[in-house]
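Trainee: I'd like a close look at one part of this model. Could you walk me through it in one go?

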Amino acid sequence: MSKIVRSLCVAVLLAFAAASPLEAAVVVSSKLSSESAMLGQMIRLLLRAQGIPVVDRTRIGATPVVRQALLAGEIDLYVEYTGNAGLFFNDAADPAWKDLERGYELGARLDYAANRIVWLTPASASNAWALAVRSDVAQAYQLRTMSDFGRWVAGGGHVMLICSAEFANAGTLRSLERTYGFTLRSSQLIVLAGGETAATIGAAAAGTNGANTAMVYGTDGGIAAAHLQILEDDRHDQPVYAPVPVIRESVLRQYPQIAAIVKPLMESFDREGLQRLNARVQIDGESDEAVAVEYLRTKGWLK
Amino acid sequence: MELRLAIALSPHERIDRLGLLLSAAGLAALVWLPFVVFKSNRIMPGEPRELQQVLPAWGALGLQTVLLLTAVVALFITDARRRLSAALAGVIVLALALAAAANALTPAGDKVVRVAPGAAFWVLLIALGLLATDAITRMRPGPVVRVLLLATCIGIAWAALAAGMFDHLSVMREYAVNSGRFPLELWRHVWLAGGSLLAAVVLGLPLGILCHRVPRLRPPVLGTLNLIQTIPAIALFGILMAPLGALAARVPAASALGIRGIGAAPAVVALFLYSLLPIVANTVVGLRRVSQAAVDAAMGMGMTPRQVLSRVELPLALPVILTGIRVVLVQNIGMVTIAALIGGGGLGTFVFQGIGQTAIDLVLLGAVPIVVLAFSAAVLLDALIEVLDRTPSVAPQLDP
């Protein structure tokens, strides 16, 4: 009896082992958000085109889930954001995060020392929280930067900001107010409990409750389509969240060419470029994979 | 006494109360609520569109006439078959009107604008659905007829979707983009819900029998399972990620079996744990329901305890056990949705991606099939339970 059970167990084990890919394929992953998934798809397609075996495990969860999976070795590569390392290493106050170069270097150093995780080339775009105003308002009052905005609001500008509770209460807004010398009264704020940027963008575009300024992410796809204009964080108040592919060292050692394959891709992005790509997923509803394939083809990296 | 007399003499006596409620709701929706919502792109807030704005005059009039006739039937006709026919006619005309509205509002070749059902459509659909459900209940159909009815409805809906009738509707636009992934996620969803159920039956049934045989075990076992049931699903998924991840890292065999901290494993384990309570508890209750006389008679016939269990107790307890399984299956189909947050996949992937992009249409692409799955599972298992409950259990026979 127990012999039968044992041989059955062995058979099942063998069957599973045979079914799971034994060759060391690179497990490419991503967060759930559309930008992460799209970048993940691009990297997966590029690696595959270069003859590296890949497994698609994109869109597996929010930041903590993906991060934990990487540390546990269940995934090998995904796109993180530079500023998030401040949270991972409990060091969000370091001013280095507010600069792309320094934040990248600090994050890469900490992550390699602690976890043997290598940061590849970052994109030169930040997905940080920012404010965007309606284009008509921006034109009428010559608003290009946050400094312009601060002067305008402090001088009695008629502003109505729509943002999430997290943005209003967790210190982000307070920090912007301090840096740019303005204060918003509660009557100038519309706070959404679970506010996503798509909701704030939509409301500002439609002028709901008089909203003319919206909380956005720097690379949001909806900004241009909604006729909003993003305000430059000219005094670097906010941490920079530049997309950066991160990979486990052991995998990179096995396929050292990955660093060179990913580099031109990441260098090809800027804020407007990412916004346009995100818009195709977020606004037009194309699939992240389709957008990824087409982008790589136009760049000539994929046949 | 006086009150009863007053009711009996009231002129409203012949008006069907449910019909009155549903007709009033439907009428209010038609008059005050938008029939469809038009969005200039996927995430913009929708602009309401009235029936008259989106359909040609004869179309709007035709829909209103059919709905009015349905309301008349709902108010004054008591025959359940006619009520059902009227409700179904209403649903069909409503669906045709929606498809026509979506086609009319979408410029040719456009891929950006979205047309979604408006509040009036949903209210009317719910009212007609309730009317149909009420009629079916009054007809008291047998289990086989109920399953056939369900299959017919799903078949017609599927045929209409496959024929491209609703291709201009926002949900189907999302489907078109995700058509490659949809069958995979659907299958994964069913597999996660069914697999965890199967594991729970394999372990829960013996555990229930053991609890029945050894009453001392009941309080600790059921207490523990009750405790597990109170942990919020998302927390349990989170709790399981760490130990399963550690297991996968230390034991290569576990990893080869697909046991990992993210993905299907924590989802299946969590659902399995949730599934245990209804199955164990119902097995205990079902076995206790078996009359002592039947057990005594079987033993008097010279059956061994094992024979008593397999030939008398379990068959008699089966309907109650199946009720537990029904609870678990419906519960699992809903709960698997959260598996998408830990890489487990399933239809929840669409739901959470849609929430992230504030694309309600994408949320619906995940949510509507989940509702249909859960509803179908409930109807199927209810029918099965009824069939088993009606058939007299097989008379115990001695071994040849």
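Trainee: How many residues of chain B are in contact with chain A, and how many of chain A with chain B?

Mentor: This is a predicted model, where local features need pLDDT of at least 70 and side-chain atom pairs count only at pLDDT 80 or more, while totals for chains, interfaces and linings use all residues. Residues are numbered from 1 along each chain as its sequence is written, with chains lettered from A and ligands numbered from 1 in the order written.

On to your question: 31 residues of chain B are in contact with 31 residues of chain A (C-beta atoms, placed from the backbone, within 7 Å). On the chain B side, the elements giving two or more residues are helix 8 (170-178), helix 11 (233-250), helix 12 (252-256) and helix 16 (348-356); helices are DSSP runs of H or I, at least four residues, numbered from the N terminus. That side divides into 15 nonpolar, 11 polar and 5 charged residues (Asp, Glu, Lys and Arg count as charged; Ala, Val, Leu, Ile, Met, Phe, Trp, Tyr, Cys and Pro as nonpolar; the others, Gly among them, as polar).

Now follow helix 16 of chain B onward. Its axis and that of helix 17 (residues 360-390) of chain B come within 7 Å and cross at roughly 165° (lines fitted to C-alpha atoms over the stretch in contact, angles from 0 to 180 degrees between N-to-C directions). The two helices are therefore roughly antiparallel, which takes an angle over 145 degrees. Helix 16 of chain B brings residues including B:Phe350, B:Val351 and B:Ile355 to this contact, and helix 17 of chain B residues including B:Ile360, B:Leu362 and B:Leu365. The residues of this contact divide into 8 nonpolar, 5 polar and no charged.

Conventions
Two residues are in contact if their C-beta atoms, placed from the backbone, lie within 7 Å. Angles under 35 degrees count as roughly parallel, over 145 as roughly antiparallel, 65 to 115 as roughly perpendicular and the rest as oblique.
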